[in-house]
Amino acid sequence: MWYKRHIFELYILYLKPLLLPNYKTTNLRIGILILFFIIGFLTIITRAYNVVYNSLDEDINFDKLAQDSSSFHRANIYDRNGKLLAVDLSVASVYANPKKIFDVKETVQKLKHIFPDLNTKNLLKEFNSHKSFVWIKRNATPKELYAVNRLGLPGIQYESGHRRFYPYGNLLSHIVGYTGIDGMGLSGVEKYFDNKLIINPKNKEQDQNGLSLSVDLRIQYILHEELNKAVQEFKPLGAAGIVTDIKTGEILALVSLPDFDPHNPGKANNDQLFNRATLASQELGSVFKTITMAMALDSKKITLASSYDVNEPIKFARYKLKDYHGKGGIQTVTEIFMNSSNIGTAKIAVDLGIETQKEYIKKFGLIDNINLELPEKGQAIYPSDSKWSILSTMTISYGHGIMTTPIHFLRTFTGLVNDGQMYPLTIVKDGNKDVKPKTIVSKETADNLKRLLRLSVTDGSGKKANADGYLVGGKTGSAEKSIRGGYSKTANLSSFIAAFPINEPKYSVFILLDEPKGNKSTFGYSTGGWTATPVAGRVISRIGSVLGISPIDENDPKIAKKLWVQYYDDEKLNAPF
């Protein structure tokens, strides 16, 4: 070392003569002073070395902190096919011990060059405090960490840790959710399964294989893309879509728009963070007629041949119930559903009765809490027993006067078309493996309902969802949004619920657009048949092959007979089946 040579020279000049007799007193004094100078100089060098290379503070055990952060991490999250949706990656965070910084101003200036977003004023204040620990940059990039190390600044160090990364960004933000800066789950699956996802490698009994969701990344992408196109075309306030496996209750895709970047949730507004598919309790409108038809047919109080006069609006006190595009006349139950008649549906509900309606709504689970594995779940809003009147029964029959979330409605719908066997919905792969379905209607009722749903697509308002080869059955919905003093004539919730192939339903699709705007292509209309329905049709056309469904010939006599609705067209009474 350079200082060893200087020490030797001082020894020759001053210390050695001290050992000789009769050496002058002046030289002795000078030698003693030089000795103390050398000792002080070596002390400073040793201290500087320890600060730069061993900057450990006795008040904070940084070694333990780094050890803890690297021991505990979060398990991976996968889609149903093993695609990685969330993963912990090793990162480093830069911090400072102000007590060991030599030159505060110089240190801040150099750090500012590496981290331009640093608040110089605040950092100067922090570094001039008596603190032992100040964060400089959490989750620094490798490039930033390299630059800090090159500076070799005393008092500036880093600790290793983990950061959550979401390879597909916004695509699954409302399903997977996100974590906070401390690594704890704050929304979505991350929050619901927080305890399960926190892994301690030392715990050999803990399942460290990660969590597999029921979501299919391919289906999720298609649904997300088609909803985004609809948002661009119809300029709604928001949109939502869900795809489920009817036979298992597994959710294959779930999208809520607008969405957010799970890496930067703090930059998202409340509307982006709000999950419209599971949280939004709304009056869904005419899609609810599916529910009314199911309960009425299952109760045996009506048949498909029953008929009602729908010529005139129903007047009840100061209210008037009318059809959106009424065709009037006397219509069978089949035609009432196909034409989406509010008047006819309301009269069916009156024949059904208040108590029977309430019993079926409860049986269908429309007012129960949803046990889906997401923390963001809304609740149904409905009249109390004392306020559930004949008027309530009539308006509820076509989707007004009761508010449910899309996930509530979809769960019931999948049960109705699954031969009356309703599974709970799940976001986890094989989440219903050991679950037995609940019977909510008879198979006969389910079969009749499937015929009505197919007719609504071939001859009713759902024509734009008729994806060739996939035998779509469904129902449109257009609910005027409630405002103070009544309902808006310009703002509506447009939707379409579908199952396919409807002869033997395997999958369901639910599309909702919140206040879409009509345009030239829709002739100014913003209703479900013009806006939400074509979205569902495009989604089904694209996911059918992905799901391995072979195109079906709907003219096949066996299929045609199974879907034939007798009480619609008298000419079909003589069909050769």
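**Exercise 1. Find which elements the buried residues of helix 10 pack against.**

Let's start with the partners: the buried residues of helix 10 pack against strand 3 (84-96), helix 7 (173-176), strand 10 (238-245), strand 11 (251-257), strand 20 (507-514) and helix 19 (532-546). Keep in mind as you work that this is a predicted model.

Step 1. Pick out the residues that do the packing. In helix 10, L217, I219, Q220, I222, L223, H224, E226, L227, A230 and F234 are buried.

Step 2. Recall the helix geometry. Residues three or four places apart point the same way, because an α-helix has 3.6 residues a turn.

Step 3. Check the length. Helix 10 has 18 residues (217-234), and at 1.5 Å a residue these should span 26 Å.

Step 4. Look just past the end. K235 follows helix 10 and has a positive phi, near 50°.

**Exercise 2. Determine which residues of the largest nonpolar core touch the most other members.**

Step 1. Take the core as a whole: it holds 79 residues, and V189, L213, F364 and F409 touch the most other members.

Step 2. Zoom in on F364. Setting aside neighbours within four places in sequence, F364 is in contact with I291, A294, M295, T412, L416, M422, I440 and V441.

Step 3. Look for another core. There is a second, separate one of 32 residues, and I219, L223, F500 and A536 are among them.

**Exercise 3. Work out where in the chain K450 and D419 lie, and whether each is buried or partly exposed.**

Step 1. K450 forms a salt bridge with D419, with the closest N and O atoms 3.2 Å apart.

Step 2. K450 sits in helix 18 (residues 443-458), while D419 is in the loop between helix 17 (406-417) and strand 16 (421-422). The two are 31 residues apart, and the pair links distant parts of the chain.

Step 3. Classify them. Buried means under 20% relative accessible area. K450 has 5% relative accessibility, so K450 counts as buried. D419, at 25%, counts as partly exposed.

Step 4. Widen the view. Salt bridges that share partners join R74, D88, R164, E190 and D194 into one network, and the whole structure has 25 salt bridges.

**Exercise 4. Decide whether E144 and K137 are buried or partly exposed.**

Step 1. The side chains of E144 and K137 meet in a salt bridge, 3.2 Å from N to O.

Step 2. E144 has a relative accessible area of 17% and is therefore buried, whereas K137, at 27%, counts as partly exposed.

Step 3. Now try E126 and K131, whose closest N and O atoms are 2.6 Å apart in a salt bridge. E126 is partly exposed at 27%, and K131 is partly exposed at 39%.

**Exercise 5. Describe the nonpolar surface patch that contains V350.**

Step 1. Name the members: F316, Y319, V350 and I390 form the patch, with about 310 Å² of accessible area together.

Step 2. Locate V350. This residue is found in helix 14 (residues 342-352) and, at 37% relative accessibility, counts as partly exposed.

Step 3. The accessible surface of the protein chain comes to about 28500 Å², of which 53% belongs to carbon and sulfur atoms. Of the 577 residues, 51% count as buried.

Terms used
Residues numbered from 1 in each chain as written. Predicted model: local features only at pLDDT ≥ 70, side-chain atom pairs only at ≥ 80, totals over all residues. Heavy atoms only, no water. Core = buried A, V, L, I, M, F, W, Y, C linked by side-chain atoms within 4.5 Å. Buried < 20%, exposed > 50% of the residue type's maximum accessible area, 1.4 Å probe, protein only. Contact = heavy atoms within 4.5 Å. Areas by Shrake-Rupley, 256 points an atom, 1.4 Å probe, with all protein chains shown as cover. Salt bridge = Lys/Arg side-chain N within 4 Å of Asp/Glu carboxyl O. Helix = DSSP H or I, 4+ residues; strand = E, 2+ residues; numbered from the N terminus. Patch = residues over 30% accessible without salt bridge, like charges linked within 9 Å, V, L, I, M, F, W, Y side chains within 5 Å. Expected span 1.5 Å × (residues − 1).
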